Amino acid sequence: MTRSGHATPSHDNAKVMNRFDLTRRLVAKLKKDEAVIGGIGNTNFDLWAAGQRPQNFYMLGSMGLAVPIALGVALAQPMRRVIALEGDGSLLMQLGCLTTVGQLAPKNLSIVVMDNGIYQITGGQATATASVADVVALARGSGIAKAGWAADEAEFERLSDAALADDGPTLIAARIDDKPATATTDRDPIRIRERFMQGLGVR
Amino acid sequence: MTDTKAPSQTQAWHAIVIAALKRNAVRLATYVPDRVLTPLIKGLHADPDFTTFATTREEEAVGILAGAWMGGLRGALLMQTSGFATLPNALASLAVPYQIPLLMFVSERGTLGEFNWGQALVCKTMRPVLDSLAMEHHTITRLDELDFVVDRSIKQAFATQASVAFILSPLLTGGKTFSA
């Protein structure tokens with residue numbers, strides 16, 4: 001992930017960005033009916049706010065399962081790109097899934113982690129990524145070699161382009177602020193699931 | 001090669017399960033390891049018709065199977081009793097409200113010769129949890145009923161988009177016995 005003439009992006013030198021802005025930038029790049037699995041809470045809400053594509057799946061619970069759900073879709077449909085959108089707290093709840101992704105190494109799976117170092121939706125309690133844990137190091141230590149911090153918005157876009165074009169698995173980590181989400185999702189699980197399956201061509 | 005036709009009485013329980021999965025186009029097998037399930041897990045790994053791998057937690061497998069089914073791929077989760085006990089949140093917040101059918105094979109620990117008090121206690125939570133979610137479950141004790149129960153219940157699970165748990169009794173599998 002190092003570019004000549006630049007310091008290697010790390011948690012500490014990455015710019016603090018905004019989740020909704022980054023989510024909009026990512027969604028704007030999706031031209032091939034890529035599937036996106038939103039994690040619980042704010043990642044989901046901003047995914048909803050960025051445009052309700054039929055290929056988006058919104059969880060209403062099951063904290064931590066965005067990456068496993070995305071892995072399942074990726075295994076079922078190897079020709080489709082699949083993206084898991086997670087927060088730092090959710091990822092920490094199901095960290096083992098990174099090792100499963102590392103072992104299976106699905107070429108069509110990307111993980112985007114929006115890291116603000118807090119359990120934002122429950123009152124802003126600190127997560128371990130605020131102090132000792134580094135999402136990119138955890139991914140690399142789990143066998144996901146193509147993992148990196150986005151230094152700023154331009155690099156987030158560059159890493160997103162690479163994730164959509166190159167063989168995965170990939171993980172992009174972005175430091176984000178503590179701004180609340182801009183909307184909330186529909187709350188009808190069957191409608192969400194049916195629309196998603198239509199978007200995947202299964203229905 | 002596993003026979004996918006109706007089973008003969010000479011087939012082992014794990015061969016009957018594999019044949020029933022194949023007959024119903026189940027092609028993904030996820031598991032958290034268990035001693036009693038080992039012959040089934042080995043058989044699935046050895047069969048190129050299945051994508052078979054271990055997950056780090058049972059919840060993780062529920063997520064993978066949910067995504068796979070929504071993407072058009074049928075799968076099953078193999079685990080032991082204590083693993084099922086980690087699942088109520090994933091079942092109640094994902095599988096049930098989204099009407100995603102899961103096939104769960106549970107190797108029953110905690111009864112008929114259990115030597116670990118913790119296993120015996122956690123076993124007591126399994127059927128109340130399944131019943132509280134109105135989830136179909138069958139405790140299978142007899143080899144001659146295994147194919148009928150599994151085959152019919154897989155068909156029902158996908159037809160009704162409702163999960164099913166197959167509790168594999170030590171009477172069927174031999175279970176795990178105390179070794180000093």
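The axes of α1(B) and α2(B) come within 9 Å of each other and cross at roughly 45 degrees. This description applies to a predicted model. The two helices, α1(B) and α2(B), are therefore oblique to each other, and their crossing is right-handed. On the α1(B) side the contact is formed by B:H14, B:A15, B:V17 and B:I18, which meet B:P39, B:L40, B:G43 and B:L44 of α2(B). By residue class, this contact of α1(B) with α2(B) divides into 6 nonpolar, 2 polar and no charged residues.

A further helix pair joins the two chains. The axes of α3(A) and α3(B) come within 6 Å and cross at roughly 40 degrees. Since angles under 35 degrees count as roughly parallel and those of 65 to 115 degrees as roughly perpendicular, α3(A) and α3(B) are therefore oblique to each other. The crossing in which α3(A) passes α3(B) is right-handed. From α3(A), the residues A:P68, A:I69, A:A70, A:L71, A:G72, A:V73, A:L75 and A:A76 take part, and they meet B:E60, B:G63, B:I64, B:L65, B:A66, B:G67, B:A68 and B:M70 of α3(B). The residues of this contact divide into 12 nonpolar, 3 polar and 1 charged.

In general, two packed helices are described by the angle between their axes and the distance between the axes. The table sets out these values for the two pairs.

| Helix pair | Axes come within | Crossing angle |
|---|---|---|
| α1(B) and α2(B) | 9 Å | roughly 45 degrees |
| α3(A) and α3(B) | 6 Å | roughly 40 degrees |

How many residues of α3(A) are buried? The helix is mostly covered, with 11 of its 11 residues buried. Among these buried residues are A:A66, A:V67 and A:A74, while A:P68, A:I69 and A:L71 are also included in the buried set.

The contact between the chains takes 26 residues from chain A and 25 residues from chain B. On the side of chain B that touches chain A, the elements giving two or more residues are β2 (51-54), α3 and α5 (88-95) of chain B. The element that gives the most to this side is α3(B), with 9 residues. The residues of the side of chain B that touches chain A divide into 12 nonpolar, 10 polar and 3 charged.

In chain A, helix α5 spans residues 96-104, and A:C97, A:L98, A:T100 and A:V101 are buried in that helix. Viewed down the axis of α5(A), the buried residues fall within an arc of 160 degrees, so they line one face of the helix.

Most residues other than glycine have a negative phi, and most peptide bonds are trans. B:A25, which is not a glycine, has a positive phi of about 60 degrees. B:A25 is placed in the loop between α1 (13-23) and β1 (26-31) of chain B. Is B:A25 buried or exposed? With 11 C-beta neighbours inside 10 Å, B:A25 counts as exposed, because a residue is exposed if 12 or fewer other C-beta atoms lie within that distance.

B:A134 likewise is not a glycine and has a positive phi, of about 55 degrees. B:A134 lies in the loop between α6 (117-132) and β5 (136-140) of chain B, and with 8 other C-beta atoms within 10 Å, B:A134 is exposed.

In chain A, the peptide bond from A:G168 to A:P169 is cis, with omega near 0 degrees. A:P169 is located in the loop between α7 (153-165) and β8 (170-175) of chain A.

The loop between α2 (38-46) and β2 of chain B contains B:F50. Leaving aside residues up to four places away in sequence, B:F50 touches B:R27, B:A29 and B:L44. Of these, B:L44 also belongs to the residues of α2(B) that meet α1(B). B:F50 and B:F84 are 34 residues apart in sequence and 23 Å apart in space, C-alpha to C-alpha.

Notes: Residues numbered from 1 in each chain as written. Chains lettered and ligands numbered in written order. Predicted model: local features only at pLDDT ≥ 70, side-chain atom pairs only at ≥ 80, totals over all residues. Buried ≥ 20, exposed ≤ 12 C-beta atoms within 10 Å, placed from the backbone. Helix = DSSP H or I, 4+ residues; strand = E, 2+ residues; numbered from the N terminus. Arc of directions from axis to C-beta. Contact = placed C-beta atoms within 7 Å. Nonpolar A, V, L, I, M, F, W, Y, C, P; charged D, E, K, R; others polar. Axes fitted to C-alpha atoms, helices over the stretch in contact; angles between N-to-C directions. Parallel < 35°, antiparallel > 145°, perpendicular 65-115°, else oblique. Left-handed = near helix turned anticlockwise from the far one by under 90°.
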